[in-house]
Amino acid sequence: MKTETSETPFRVGRSLTGLGLFATRDIQKGTFIIEYVGPRLSNEEVSRRRNTRYLFEVSSRSTIDGSPRWNIARYINHSCRPNAEAVVSRGRIRIKAIKRIKPGDEITYNYGKSYFETFIKPIGCKCGACMARAKT
């Protein structure tokens, strides 16, 4: 697990939507940023849960509960025009840059259609791209 230290290229800070993860130095395209971690749950356990904001499905049989505060990746916010992506491989979720991220930029990825429809669309998307579009 990678945590927030002086060696990491990010910090948790205030964002438009609450807390977010921000680059503290240049992160080049293709660079691994952080792993999304937490307890692994069965689909049966997931179906019994209510507040599912931090659940991240890794296979048809298991999901990672990213709600513990020690999961620093939970602070990465949604964007309709992200600079990172979540790559699921061998039951792990690794966040990597899909373009160069400059110091001070918020690290974001697209949460996907299902999450967007359930949690974001009803209140309106507040990502940087949508907020800029709303101003025009």
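The largest pocket in this structure has a volume of about 1,300 Å³. A pocket here is an open set of points on a 1 Å grid over the protein atoms alone, with protein on both sides within 12 Å along at least five of seven lines. Points are joined across faces, edges and corners, and the volume is the space filled by probe spheres set on them.

Two notes on the source. This is a predicted model, in which local features need pLDDT of at least 70 and side-chain atom pairs count only at pLDDT 80 or more, while totals for chains, interfaces and linings use all residues. Residues are numbered from 1 along each chain as its sequence is written, and side-chain values use heavy atoms, with hydrogens and water left out.

Back to the pocket. Its lining, meaning residues with an atom within 4 Å of a point, comes to 48 residues, and Asn77, His78, Tyr111, Tyr115 and Ile120 lie nearest the centre. Elements giving two or more residues to this lining include β2 (18-23), α1 (43-48), β7 (77-78), β8 (84-89), β10 (106-109) and α3 (128-135). The largest share, 5 residues, comes from α2. Helices (H or I, at least four residues) and strands (E, at least two) are DSSP runs, numbered from the N terminus. By class, the lining has 22 nonpolar, 16 polar and 10 charged residues. Ala, Val, Leu, Ile, Met, Phe, Trp, Tyr, Cys and Pro count as nonpolar, Asp, Glu, Lys and Arg as charged, and the others, Gly among them, as polar.

Next, two loop residues. Ser79 sits in the loop between β7 and β8, and Asn110 in the loop between β10 and α2. They are in contact, that is, they have heavy atoms within 4.5 Å. Is Ser79 buried or exposed? Ser79 counts as buried because its relative accessible area is 5%; the cut-offs are under 20% for buried, over 50% for exposed and partly exposed in between, with a 1.4 Å probe and protein chains only. Asn110, at 40%, is partly exposed.

A search of the whole structure finds 0 disulfides, a disulfide being a pair of cysteine sulfur atoms within 2.5 Å. For Cys80, the nearest cysteine sulfur is that of Cys130, 3.7 Å away. Cys80 is partly exposed at 31%, whereas Cys125 is buried at 16%.

One backbone angle to check. Most residues other than glycine have a negative phi. Arg90 has a positive phi, near 55°. Arg90 lies in the loop between β8 and β9 (92-97) and is exposed at 83%.

Last, Ser62, in strand β6 (residues 62-65). Ser62 is buried at 13%. What does Ser62 touch, not counting residues up to four places away in sequence? Arg40, Leu41, Asn43 and Glu57. The side chains of Ser62 and Arg40 are joined by a polar contact of 3.3 Å. A polar contact is a pair of N or O atoms within 3.5 Å; within protein, one must be able to donate a hydrogen and the other to accept it, and residues adjacent in sequence count only if both atoms are side-chain atoms.

Key. On a 1 Å grid over the protein atoms alone, a cavity is a set of points where a 1.4 Å probe fits but cannot get out, and a pocket is an open set with protein on both sides within 12 Å along at least five of seven lines; lining residues have an atom within 4 Å of a point.
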